[in-house]
Amino acid sequence: MEQFLQQIASGLANGAIYACVALALVMIYVSTDHINFAQGEMAMFSTYLSWQLMTWGLSFWAAFIVAVALSFVMGVVIERLILRPLHNAPVLSIIVVFIGLLAIFNSVAGAIWSYLIKEFPSPFPKSSFGIAGVIGPHQLGVVVVTLVVLGLLFVFFRYTPLGLAMRAAAQNPQMARLVGVRVDWMLALGWGLASSIGAVAGIMVAHIVYLDPNMMAGILLYAFASALVGGISNPAGAVAGGFIVGVLENMVAYAGNQIEKATGIYIIGNGEKLTVALIIVIFVLTVKPAGLFGRVVVKRV
Amino acid sequence: MASTSKKWVLGIVVLAFVVPLLKPIFPDAISDYRLFLVSTMIIASIAVLGLNLLTGFNGQFSLGHGAFYAVGAYTAAVLMDQLSVPYWATIPAAAIVCFIVGYLFGLPALKLEGHYLALATFALALAVPQILKYKWLEGLTGGVQGIVLNKPEVPFGLPLSEDQWLYYFCLVVMVILFWAAANMLNSRSGRAMMAIRDQYMAADTMGIDTALYKTVTFGISAAYTGIAGALSASAIAFVAPDSFNIFLSIKFLIGLVVGGIGSLTGSVIGGIFYVLVDNSAQALSQFVKNDLGLPFDLSAYTVFGVLLIAIIYLMPMGIAGGLFMAWRKIRGAR
């Protein structure tokens, strides 16, 4: 039983990370209809930035804040410089550009910081944090930090004029423009925010998966699965999807483990995590493309 | 127009067959290493052609063609390793297996379009190395270690080196496959494929069985890329799961975009191009470090990424298409 609870708790901790990245994906998807394949690599790059700042002597949280701010700038710049001119480009061009960004971020991070795996510190005190036997200090810390970030975002979008303008720009760009919202800057801000959220996710997860240029590949895949499960057009759904997928991931591995213990037959385990995500992605896309909380899109012919 | 381009193609093919025979005369210019390099280019162009059939001519995106390449390579490797099937017989076997796998993947893909298909295939590409390491398959696939094979031997006591023979083998396969693809695209089926790409609904209304064409195209495309995978297994004489990662699929995408989406000759140019960049990455890195004095290990993927974005901006038809347009402009100006 205790093991079961442990699995759920660590599933929630992973889920918090997936929720963050999924939210970043959804923010870009809602406003531009693009799926950002480079989201994971951008988050990885931000994590390296924070690592670099720490090696230059900043404390964890100072590095965290500076890295998140830099990521915001990075997101805005990418949107303004690279994606803005492709406003009306065909889907394939957009996808190719995202893949190009993925390759650039991955290889540049490898070039600057090398492909050697690095340890990444955890800011959460070992002694006073966590519940013994159920959830470790870092895992609990991750959940708390992501919940705070999500809360801040909620307040931002719900109660500030800028948040309202951003929502308006995403929902109905033409009308928003007519009432004086600078829609293209809202898109850029959305990119900046998405990039920052990704940075938070990256910095939080780096302690668990260690720091290397390919650290986000699996997480990105799970974030895709989360966004799809929750409905890719629904930010709250994406967050819920993140937690659902996080727990599901651990449950599948746990169940596989139990089956192996009981019958001695290996079916599924930690080695098949990405395959599980692939199955979730394809299953949701074919069976219920709107996800659990998404809107069903009806196309007019 | 058609007849002149046919002459060109014929000329290049004849040249490709004759030049390696001159090896004894120019041993430095035509070395075994260079022939091997050209063989990998040939393999790459077949793989890119596979992706092009799907994306360029049928309008379905795939960021996961590395998966079919892996299936082809592993089919060939397992057949050679476990059943001692001769290397040449693994090519049709890989084609059949990959056709089936591609066809099956094409079924759910029918329901997806644009970004979503890209997403599903991207997920596939990320998961491939893990699937190959699956415990139940370990007996066949050798797990993380992969499978070590033998290089194809020169048959009938022909006076050729191993690399020369490999080159000819790849070249023959490539000529057959490109010839078949050109014929297919020129036929009723090819026109149906392109009609689906250009105007899905109109094609459907005209009575084209869109579902059948899309899934079969997926199968054929996978078979082409799978054949390339099988050839690479023979050529490199080694397969391992981690070489079939997402970046393999990205390389095919590079080949597709550089060569030109929806162009047969473009597939060859794209294949040659990515192998060249991949191979000169070391030299490039040295150049950046020593000559430009930057403290970076520039990798091929930085070049790939920058090129992907630059080409989308500057030459949306690919380098081949872009040069062709430029050529037409120059001739038109005269």
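Among contacts in chain B between residues at least 6 apart in sequence, 77% join residues at least 24 apart, two residues being in contact if their C-beta atoms, placed from the backbone, lie within 7 Å. The structure is a predicted model, in which local features need pLDDT of at least 70, side-chain atom pairs count only at pLDDT 80 or more, and totals for chains, interfaces and linings use all residues. Residues are numbered from 1 along each chain as its sequence is written, while chains are lettered from A and ligands numbered from 1 in the order in which they are written.

Chain B holds 15 helices and two strands; these are DSSP runs numbered from the N terminus (helices H or I, at least four residues; strands E, at least two). The C-alpha trace of chain B spans about 60 × 55 × 50 Å along its principal axes. The radius of gyration of chain B, 20 Å, agrees with the value near 20 Å for a compact globule of 334 residues; this radius is taken over C-alpha atoms, and the globule rule is 2.2 Å times the number of residues to the power 0.38. Of the 334 residues of chain B, 49% count as buried (20 or more other C-beta atoms within 10 Å of the residue's own, with C-beta atoms placed from the backbone).

Chain B is divided into domain 1 (1–30) and domain 2 (32–245), with bounds from an automatic or database domain assignment. The C-alpha centres of the two domains of chain B lie 26 Å apart. Six residues of domain 1 of chain B are in contact with six residues of domain 2 of chain B.

In helix 12 of chain B (residues 264–279), the 16 residues should span 22 Å at 1.5 Å a residue, and the end C-alpha atoms are 23 Å apart, which agrees; the expected span is 1.5 Å times one less than the number of residues. Buried residues of helix 12 of chain B include B:L264, B:I269 and B:F273.

In the largest nonpolar core, of 214 residues, A:V21, A:V281, B:A123 and B:L308 touch the most other members. Such a core is a set of buried Ala, Val, Leu, Ile, Met, Phe, Trp, Tyr and Cys residues joined through C-beta atoms within 7 Å. Not counting residues up to four places away in sequence, B:A123 touches A:L221, A:F224, A:A277, A:L278 and A:V281.

A:Y48, in helix 2 (residues 39–55) of chain A, counts as buried because it has 26 C-beta neighbours inside 10 Å.

Note on methods
Buried ≥ 20, exposed ≤ 12 C-beta atoms within 10 Å, placed from the backbone.
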